[in-house]
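Me: I'm new to reading protein models. Can we go through this one together, with the terms spelled out as we go?

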Amino acid sequence: MEEERGNVEVCKNVEVSTKVTEPLLNVPNPRALQQNSVVSTTTIPGQSKYIQLLNVIEELGRDIRPSYAGSRTSAERIKRGIVHARILVRECLVETEKKYTIARISASYTALFKDMLVVYLLVLDMFQTLSIFDTQLYADSVEWCPIEPFKDLFVCGTYQLIENTESIAKKESKSSKRLGRIYLFQVVKNGSMKLLQQLETEGVLDMKWAHVTCNQKILLGVVNSLGYLQIYQLRNGDDEMLKLMTELKVNDQKEEILALSLDWSTGKYSCENNSIVKIIVSDSTGDITLFELHNDQIKNLTSWLSHEYEAWISAFDYWNVNIIYTGGDDCKFQRFDIRTEKKFTMSNMIHTAGVTSIHSNADKEHILASGSYDEKLRLWDTRNFKRPISETNLHGGIWRLKWDPLARRFLLAACMYGGFKVIDCQNTEMPSIVDEYNNHESLSYGCDWSFLSRQCISERAIFQTNEQNVGLSQQLVTPYVPGAPIETMEVSPGNTRLHLGFSHEMHCGHSARMKSGMTRHACHLQSGSVVVV
């Protein structure tokens, strides 16, 4: 990996003109190079990785001009080709190390790798850390504010289990305490993070902003390790910007209970009748509780047992907020209609491990995403739960899934030991991983997209340190973004450092990410600008 990074740094020092009128990719003729090779060019099992890579790069070269002319099919092939090339680059390096010494590498082989590293740079190593903050406790949740004028603000929640060694020795039931904090940050000049507020709380398990103002208030919902649903109000011009407005315990009858997840009924970003909104909460006993927020007070409407073990996730169908989806550690994925009795209207066990994440698509009515410890991302048509539309292995237990807030085409996934991934779901039958970040030191739990506009990003001068990389990326695709750039955040709880980074805008579409511990640019052919924490 160090050798690869060294090669990438060589490419970064190459002087590249930023005045590119059309995309250029100086790729050696693979067929000409193959004439000097004893390996057959026919694609056969066991074929040299080098030859396979030549074929992939040749196909990329053929698709560059059609893609520039607006061919979506060519653009999709380029995206898949770059992902394939990234894998082959690594395999080629391994194969080269095994079969050749440095003295025997031909000049043509070296030239190929120089051009290939341009693609490799775009896919693997376009990253830069802008700001770092030590959260002290483990960061496990992060949420960007979706409402003006606070789209430059985000909150980070922490959770840490403090063991009581004396109670453990005496075998007492209360042997530990769960501590937490809520941090409120603002993204300022040059992409730096400014800490605005720090709240000492119980362990934070989940946080979500209401998607729109409720009764003319900007609200943040938090569920914690004492089993409480808390509602904070964000106010301007006050030292205490986040202030607790109201709270209510999920179940007063159960002392040992953790509130695990929440969702607001405002996911369609509708401004109608937001004086009364609903909130759904899942907990560690398997219960689901429906709350109503009215006149700044929480009311418990109903509660029912949904799962035999922990109910990891609960979520509204944003197209019909009478419909609620739940997932639990018993591997059950269920649907409820709150207008009927407390009995599921659908239940399946297609997930082979606990169901941990569910997110309704606010733009595509019948599309739903679910994630599980079984490492599979499943896309569903809500009219048919007999089988998913598709299953995609993300190679890590999926703890959080978030649709991007503009196109709702990309999913951002926190995959625990598998790192963070961006998945293009335009083709719901065949989603593709378009970028990933694995170079972290711990579990990956929290992720979110931000709503900052291109103007806000420009005002913060985040582009200034990336001019050379942008110029290099123009060799592949002339930047064109039809909407505002998107930023995202990822948090890994085993590492207490919060990092801020940035990635460039590339072609049309949007995706990105944020991570605690280390950051990188999510720079690929279908991505937009990103801020990474």
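Reply: Helices (H or I, at least four residues) and strands (E, at least two) are DSSP runs, numbered from the N terminus. By that rule, the protein has eight helices and 30 strands. Bear in mind that this is a predicted model, where local features need pLDDT of at least 70 and side-chain atom pairs count only at pLDDT 80 or more, while totals for chains, interfaces and linings use all residues. Residues are numbered from 1 along each chain as its sequence is written, and side-chain values use heavy atoms, with hydrogens and water left out.

Me: What makes β19 and β20 partners?

Reply: Two strands pair if DSSP finds at least two bridges between them. Five bridges join β19 to β20 (residues 367-372), so they pair, and they run antiparallel.

Me: What makes a group of residues a nonpolar core?

Reply: It's a set of buried (under 20% relative accessible area, 1.4 Å probe, protein chains only) Ala, Val, Leu, Ile, Met, Phe, Trp, Tyr and Cys residues joined through side-chain atoms within 4.5 Å. The largest one here has 24 residues, including L229, I231 and W264. β11 (259-264) is among the strands supplying at least two residues, and β11 gives the most, with four.

Note on methods: Buried means under 20% relative accessible area, exposed over 50%, partly exposed in between (1.4 Å probe, protein chains only).
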